[in-house]
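Colleague: Could you walk me through this model? I have a few questions ready.

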Amino acid sequence: MTSTGAVTTAATAAALALGDDALILSHRLAEWAGHAPVLEEEVALANIALDLLGQARVLLSQAGDEDELAYLREERAFRNLQLVEQPNGDFAHTIARQLYFSLYQHELYGELALGDGPFAPLAAKAVKETDYHRDHAEQWTLRLGDGTEESRRRMRAGLDGLWKYTGEMFRPVEGLDGIDWAALEGRWLAAVGGVLERAGLELPQGPRHGAWAAGAGRQGLHTESFGRLLAEMQHLHRSHPGASW
């Protein structure tokens, strides 16, 4: 942040990356409305989605007009991780995605909150939210992993299927200075491994830094399902340009 309060180009890039992560995952979780396995989870997932949407609004407003950035950008202009755009799948698949991302976001925001950069104020507030998101994902991972044979199979399938997208989280983000990404990744791996051990599950062994997947989302390269997500998310705004509600 400059002395006049303007966001620097590097900070704008970081705001877009973090804001897009939160926005896209918020939309994915909102897709569970009316479809969650129990009413309590309907409320829990909606609350997490709203937390993420609030983070997205703050971050995108630092980069420009939040509505234009959310609803009028084309696919290649989004800088979110490929992990967060992955379809919900079944409930265990969603929990696996939540476990991976919430542990990453909690570690990252905890580190940002200790600094004096432009994202410190947001991170200091958001880290409390991410702690709840992390706990929610951990508790469900334990319940599913240590539940029935079927719940265990589904949890393992979700973890294995999303593993290849996790390496991208630890590629340096322009504008996030002072982050030791290797140390962050080490803490994340230890945290994920600890949860899975308690759940009676093993850490997936496949590659996490595939040549195509690693860093692609941050570069505007997204998976097939992302185009459909954007079409749904942006349809109303694009159908009624300039409308006020």
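**A partly exposed residue and a helix pair**

Modeller: Happy to, and let me begin with Glu150, which is partly exposed, with a relative accessible area of 35%. Please keep in mind that this is a predicted model.

Colleague: Which helix is the place of Glu150?

Modeller: Glu150, with its relative accessible area of 35%, belongs to a helix that covers residues 149-162. That helix is α7.

Colleague: How are α2 and α5 oriented, roughly parallel or oblique?

Modeller: Helix α2 (residues 39-63) packs with helix α5 (residues 91-113) at an angle of about 40 degrees, and their axes are 14 Å apart. Angles under 35 degrees would count as roughly parallel, so α2 is oblique to α5.

Colleague: What is the make-up of the contact of α2 with α5?

Modeller: From α2 come Glu41, Leu45, Ile48, Leu52, Gln55 and Leu59, which meet Phe91, Gln98, Phe101, Gln105 and Tyr109 of α5. Sorted by type, the residues of this contact are 7 nonpolar, 3 polar and 1 charged.

Colleague: Which element gives the largest share of the largest nonpolar core?

Modeller: The largest nonpolar core has 69 residues, and Tyr104, Leu108, Tyr109, Leu112, Leu176 and Trp188 have the most contacts inside it. The largest share of this core is 12 residues, and they come from α5.

Colleague: Leaving out residues up to four places away in sequence, what does Leu176 touch?

Modeller: Leu176 is among the residues with the most contacts inside the largest nonpolar core. With those sequence neighbours left out, Leu176 touches Ala14, Leu18, Leu108, Leu112, Phe119 and Trp181.

Definitions and conventions:
Residues are numbered from 1 along each chain as its sequence is written. This is a predicted model: local features need pLDDT of at least 70, side-chain atom pairs count only at pLDDT 80 or more; totals for chains, interfaces and linings use all residues. Side-chain values use heavy atoms; hydrogens and water are left out. Axes are lines fitted to C-alpha atoms, for helices over the stretch in contact, and angles run from 0 to 180 degrees between N-to-C directions. Helices (H or I, at least four residues) and strands (E, at least two) are DSSP runs, numbered from the N terminus. Angles under 35 degrees count as roughly parallel, over 145 as roughly antiparallel, 65 to 115 as roughly perpendicular and the rest as oblique. Contact means heavy atoms within 4.5 Å. Ala, Val, Leu, Ile, Met, Phe, Trp, Tyr, Cys and Pro count as nonpolar, Asp, Glu, Lys and Arg as charged, and the others, Gly among them, as polar. A nonpolar core is a set of buried Ala, Val, Leu, Ile, Met, Phe, Trp, Tyr and Cys residues joined through side-chain atoms within 4.5 Å. Buried means under 20% relative accessible area, exposed over 50%, partly exposed in between (1.4 Å probe, protein chains only).
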